[in-house]
Amino acid sequence: MKKLRIVFMGTPDFAVATLKTLVEHNYDIVGVITAPDKPAGRGRKLNESAVKKYAKSQDLNILQPTNLKNEDFLEELKALRANLQIVVAFRMLPKVVWQMPEFGTFNLHASLLPNYRGAAPINWAIINGETKTGVSTFFIDEKIDTGDMILQEDIDIKPDENAGSLHDKLMAIGSQLVLKTVKSIEEGDVKTIPQTETKNIKTAYKLNRDNCKIDWTASIDHIYNHIRGLSPYPAAWCTLINGDDDLDIKVYKVDKELDNHALSNGTIVASKKELKVAVTKGYIIINEIKLPGKRAMDVKSLLNGYTFHENAKML
């Protein structure tokens, strides 16, 4: 049985579940590396990462380097004498960092690798209409998410699942997969397999304004999957043309309704209780929406105080 000294690297809530699991199983966490505090809100008050907040609550040693190649940071890292590093939702590491510990550096990724390497695997699995995804652990190498695989666990994606609910499920099973991986390393029986490279590997591209925009000319299933794959964050968006108003709005919750209508794509059909957008072979029924400068609200609340003109459209 190997005596592990672990450095944990992560920043958001997704990483906290794994760190918490390791702490609760009494692993020796000799250091926690997370993002520097960032100004946020109107007062520009410094905001601590979710991982830092949890690490502080456990009196763990915290490092917040701005440059992972900085000599002072590297000396601090070496001084921790870690023999294993675990990465969950952090940034790309330089070779000098991931090669440092005796038992290597492994990463938890929220997809069934080799598919959905990249920044937003949870979102893209839903956007692309997948019915199954999962979590993978692998040893880090020079490229992004390409290292030798250690363990995987899959999970079904429900037809009405959104990115938020899937995130929480993968966060939970991911923490347990990391625990299994650590135990395997600790017991010296870890086995790895190279990732299979094919032409059909799907990529989890970084989300941006362009790929979050709703294309109302796409198929009804594509639009439905796109919106739920971006909900609640960063949220799908489009432009509402309503009389003299051109408003960029966000759409969070929708249903779909198949129907052979004769309306052009993007046409709004509004009643006192329902808001629908005509698309090819049906309608997207909007249930939760956000107008500029307003909070997200259910559509019934919106329709109580907002009027859609006869020729209103979504673009």
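The following legends describe close-up views of a predicted model.

**View A. The largest nonpolar core and its most connected members.** This core comprises 78 residues, of which Ile29, Ile86 and Val182 touch the most other members. Helix H6, spanning residues 163-186, makes the largest contribution to the core, with ten residues. A separate core of 20 residues lies apart from it and includes Met9, Trp98, Leu113 and Ile140.

**View B. The surroundings of Ile86.** When residues up to four places away in sequence are not counted, Ile86 touches Ile6, Val7, Phe8, Met9 and Leu22, together with Phe106, Val178 and Val182.

**View C. Strand E9 and its two pairings.** Strand E9 (residues 132-139) is mostly covered, with seven of its eight residues buried. Strand E7 (residues 105-109) pairs with E9 in the antiparallel sense over four bridges, and His109 stands opposite Ser136 of E9. E9 also pairs in the antiparallel sense with strand E10 (residues 149-156), here over seven bridges. In this pairing, Lys132 has Asp156 of E10 as its bridge partner.

**View D. Packing of helices H1 and H2.** Helix H1 (residues 13-24) packs with helix H2 (residues 50-57) at an angle of about 25°, and their axes are 8 Å apart. Because angles under 35 degrees count as roughly parallel, H1 and H2 are roughly parallel to each other. The crossing of H1 past H2 is right-handed. On the H1 side the contact is made by Asp13, Ala15, Val16, Leu19, Lys20 and Val23, and on the H2 side by Ala50, Val51 and Tyr54.

Note on methods. Residues are numbered from 1 along each chain as its sequence is written. This is a predicted model: local features need pLDDT of at least 70, side-chain atom pairs count only at pLDDT 80 or more; totals for chains, interfaces and linings use all residues. Side-chain values use heavy atoms; hydrogens and water are left out. A nonpolar core is a set of buried Ala, Val, Leu, Ile, Met, Phe, Trp, Tyr and Cys residues joined through side-chain atoms within 4.5 Å. Buried means under 20% relative accessible area, exposed over 50%, partly exposed in between (1.4 Å probe, protein chains only). Contact means heavy atoms within 4.5 Å. Two strands pair if DSSP finds at least two bridges between them. Axes are lines fitted to C-alpha atoms, for helices over the stretch in contact, and angles run from 0 to 180 degrees between N-to-C directions. Angles under 35 degrees count as roughly parallel, over 145 as roughly antiparallel, 65 to 115 as roughly perpendicular and the rest as oblique. A crossing is left-handed if the near helix is turned anticlockwise from the far one by less than a right angle, and right-handed if clockwise.
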